[in-house]
Amino acid sequence: MTVGEKVGQLNLVTAGQIVTGPSGSGDVLANIRAGNVGGVFNIWGRESVAAMQRAAVEESRLGAPLFFGLDVLHGFRTIFPVPLAEAGAFDPYLWEETARAAAEEAAAEGIDLTFAPMLDVCRDPRWGRIVEGAGEDPLVAAKFAQAKIRGFQGSGLSSRVAIAATGKHFCGGGAAQAGRDYAAVDMSDRELHETYLPPFAAAVAAGCAAIMPAFNSLAGIPLTAHGALINGWLREKHGFDGVVISDYTAIVELVQHGVAADEVEAAALALKAGVDMDMVSGCYLRLPEALSRGLVAEADIDAAVRRVLALKEKLGLLVDPTLRLTPARSPHKRWNELALDAARRSVVLLTNRGVLPLAANIRRLAVIGPLADASAEMLGPWSAAGDPAKAVTTLHALRAAWTQGELLHHRGVDIESDDASGIDAARALCATADVVVLCLGESAGMSGEAASRAMPGLPGRQRELAEAVLSAGPPVVLVLSAGRPLMVANLIEQAAAVVASWQLGDRAGDAIADLLLGRINPSGRLAVTWPREIGQIPIHYAQRSTGRPPQSTDPFTSKYLDAPNDPLFPFGHGLSFASVSLKNLRATPAEFDEGAPVRIEIDVSNNGKVATEETIFLFLHDIVASVARPMMELKEWTKVTLQPGETRTVFFLLDGKHFEFLDRTLVPVVEAGDFEVMVGVNADSNSALRTRIRLPAAAISARDRSDRISSIQG
């Protein structure tokens with residue numbers, strides 16, 4: 001291979017079938033024939049992909065095949081719930097199944113690699129990309145990562161129905177300052193290693209084929225040039241041997257970051273840091289100049305090329321460049337049913353004051369709002385090759401299912417416009433109804449990349465519509481369609497019931513209608529804390545205590561003057577139509593022995609009249625440690641299905657890893673002492689059942705104890 005051909009293998013270009021960034025890649029076919037392209041993304045379809053692959057294999061001197069990539073985040077043609085919603089199912093098997101379906105669909109149209117899963121932990125709903133990840137907890141994100149990678153990659157990348165997964169964005173993008181996409185990140189090393197890196201460690205352990213660095217800088221170092229994290233933490237410490245792919249034009253943006261003087265320096269910085277492929281910016285085509293200026297060595301280029309070619313070999317492309325194009329395959333019939341199951345299990349019932357499920361004696365049902373019949377908005381961002389015309393809306397589903405009386409409909413207002421002329425008519429219609437279903441929220445484009453919101457409430461004139469409808473008289477069921485928690489606490493408190501419908505994909509309306517009519521018992525839970533006010537952001541459950549915890553009688557404690565500390569809804573919150581109680585929490589043995597796990601058991605009862613699926617969370621608190629630990633840390637969760645009147649005992653097994661934390665030097669340790677065990681249906685510590693486990697000092701050597709005392713003393 002010539003140096004130019006080597007560099008060409010490191011160049012990833014966009015074909016422009018969809019737009020996912022600020023610039024294009026020029027004449028893609030000409031560049032492929034010239035040997036200047038290693039991979040193409042944003043194109044699919046048998047004929048289009050085959051034409052480009054022929055140009056690479058038959059018309060370039062080297063004849064190396066391309067790989068084809070796409071952002072397949074929550075479905076390809078069949079669209080499943082957005083990741084933030086699907087995370088609320090707390091079911092790794094479901095997460096894996098939807099990724100498997102998406103992989104089979106995408107592979108059938110020539111896609112070899114997806115830029116997913118997104119593993120950014122996020123505790124700030126202003127950030128638009130919160131919708132693309134699994135929420136606020138690193139354990140949930142880690143299990144989500146592993147499930148999605150298993151689903152995408154299957155039993156091996158050489159299978160024609162498998163696609164390579166890309167863990168992104170490495171790392172910390174969810175902590176961008178003020179929730180602004182692409183903004184700088186500055187955090188402690190402890191926060192980085194305890195919260196933001198664990199999902200990527202899990203991804204590497206699961207065999208993730210590729211990693212994508214984040215756009216942002218971390219403590220002043222752009223991730224695209226962060227050798228300590230890419231070459232150090234990722235490759236050397238965790239043994240990642242896959243391909244590192246830059247984000248869209250991120251390498252040339254090193255100039256704007258202020259760490260490179262020109263494109264050549266930017267290319268050299270990224271390559272030396274361990275980035276193998278340049279997405280769109282074209283900077284790596286300048287690597288021959290960087291080589292001549294002594295900024296890189298040819299060995300650096302060779303190392304990156306070997307990793308790219310190794311990925312193509314694993315994908316089976318070196319043997320059969322058209323592996324994923326033959327033979328043609330029909331969509332699996334169950335994928336549409338899987339989309340419905342995923343939507344049903346992702347929708348969250350936030351409040352219910354007895355109005356749901358809708359009673360059989362209701363005769364006039366009003367369906368109001370701009371999200372009642374907005375099929376495209378049901379898909380959410382990054383809907384790949386999804387067809388908005390296929391998406392079932394709430395209005396469509398209720399019209400098909402509501403047979404007991406009259407269904408009334410009025411849009412009221414648009415999602416974002418300033419036109420309020422329909423509010424009076426909508427209110428008048430509501431006044432004649434028995435119950436109102438009010439469908440409000442965001443458009444799909446208000447979530448995802450470049451969709452940060454300083455004020456994540458209801459856009460346009462929707463709040464005025466809501467206030468008018470709530471004053472009309474009948475009970476109101478508020479259905480919120482959005483890619484983030486919305487700050488509408490006063491409306492939530494006024495409504496008779498509130499449903500977080502998120503953006504549920506093709507079968508969104510069916511899932512919502514099934515919940516409203518009682519055809520399903522909702523089981524979705526929040527994977528993220530829901531704030532009351534914008535001023536509480538960033539907010540999450542796993543906070544450390546302070547020396548002055550809040551006390552209502554003492555002004556000199558950690559609290560607000562104008563709002564409570566508590567969120568509107570805690571992590572894990574979600575109601576059902578059943579009544580579940582927990583009792584008899586016990587630990588066996590109560591004193592931990594490293595030779596055997598501790599068995600935590602709890603009795604779970606369904607005191608209601610309908611079957612239910614409940615998620616049970618186990619949290620730990622290390623009461624006294626050399627480093628102050630969060631008041632609650634999620635260590636495990638399980639799901640249990642209960643028939644009416646049934647009681648079942650669920651259990652968790654805790655071993656040494658569950659008690660481990662990073663000491664003052666960020667080395668994993670287990671220290672002697674008492675641990676509080678909290679088990680509940682969400683992260684509300686006041687409602688959890690509690691017991692204690694002791695780790696005896698005998699398990700810790702004398703030297704370790706003295707080191708701990710020394711570290712406390714500084």
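**Figure 1. Proline 589 is found in the loop between strands β17 (580–588) and β18 (598–606).** The view is taken from a predicted model. Threonine 588 and proline 589 are joined by a cis peptide bond, with omega at about -10 degrees. In general, most peptide bonds are trans.

**Figure 2. A cis peptide bond links leucine 356 to proline 357.** The omega angle of this bond is about -5 degrees. Proline 357 belongs to the loop that lies between β11 and β12.

**Figure 3. Phenylalanine 90 has a positive phi although it is not a glycine.** Its phi angle is about 50 degrees. Phenylalanine 90 occupies the loop between helix α4 (83–87) and helix α5 (92–107). As a rule, most residues other than glycine have a negative phi.

**Figure 4. Six strands form an open sheet with mixed pairing.** The order of the strands is β11-β16-β15-β14-β12-β13. The edge strands are β11 (348–352) and β13 (406–410), and each of them pairs on one side only. On average, neighbouring strands of this sheet are turned by 15 degrees against each other, direction ignored. In general, the strands of a sheet pair through backbone hydrogen bonds, in either a parallel or an antiparallel manner.

**Figure 5. Strands β15 (residues 476–481) and β16 (residues 497–500) run parallel.** The two strands are joined by 4 bridges. Leucine 478 stands opposite valine 498 of β16.

**Figure 6. Helix α16 (residues 394–401) packs on the sheet that contains β12 (364–368), β13 and β14 (435–441).**

**Figure 7. Helix α17 (residues 423–431) and helix α18 (residues 462–470) come within 9 Å of each other, axis to axis.** The axes cross at roughly 30 degrees. Angles under 35 degrees count as roughly parallel, and α17 and α18 are therefore roughly parallel to each other. Their crossing is right-handed. On the α17 side, the contact involves Ile423, Ala426, Arg427 and Cys430, which meet Glu464, Leu465, Ala468 and Val469 of α18. By class, this contact has 6 nonpolar residues, 2 charged residues and no polar residues.

**Figure 8. Four strands form an open sheet with antiparallel pairing.** The order of the strands is β20-β19-β24-β25. Strands β20 (633–642) and β25 (689–695) stand at the edges; each has a single partner strand, so one side of each is left without a neighbour in the sheet. Neighbouring strands here are turned by 20 degrees against each other on average, direction ignored.

**Figure 9. Strand β24 (residues 673–680) runs antiparallel to β25.** The two strands are joined by 7 bridges. Phenylalanine 675 has isoleucine 693, in β25, as its bridge partner.

**Figure 10. Residues 614–683 carry the feature "domain: Fibronectin type III-like" in UniProt, according to an unreviewed entry.** Over residues 614–683, the chain of the model is 0% helix and 56% strand.

Conventions. Residues are numbered from 1 along each chain as its sequence is written. This is a predicted model: local features need pLDDT of at least 70, side-chain atom pairs count only at pLDDT 80 or more; totals for chains, interfaces and linings use all residues. Side-chain values use heavy atoms; hydrogens and water are left out. Axes are lines fitted to C-alpha atoms, for helices over the stretch in contact, and angles run from 0 to 180 degrees between N-to-C directions. Angles under 35 degrees count as roughly parallel, over 145 as roughly antiparallel, 65 to 115 as roughly perpendicular and the rest as oblique. A crossing is left-handed if the near helix is turned anticlockwise from the far one by less than a right angle, and right-handed if clockwise. Contact means heavy atoms within 4.5 Å. Ala, Val, Leu, Ile, Met, Phe, Trp, Tyr, Cys and Pro count as nonpolar, Asp, Glu, Lys and Arg as charged, and the others, Gly among them, as polar. Two strands pair if DSSP finds at least two bridges between them. UniProt positions are given in the numbering used here, feature names are shortened, and annotations may be inferred rather than shown by experiment.
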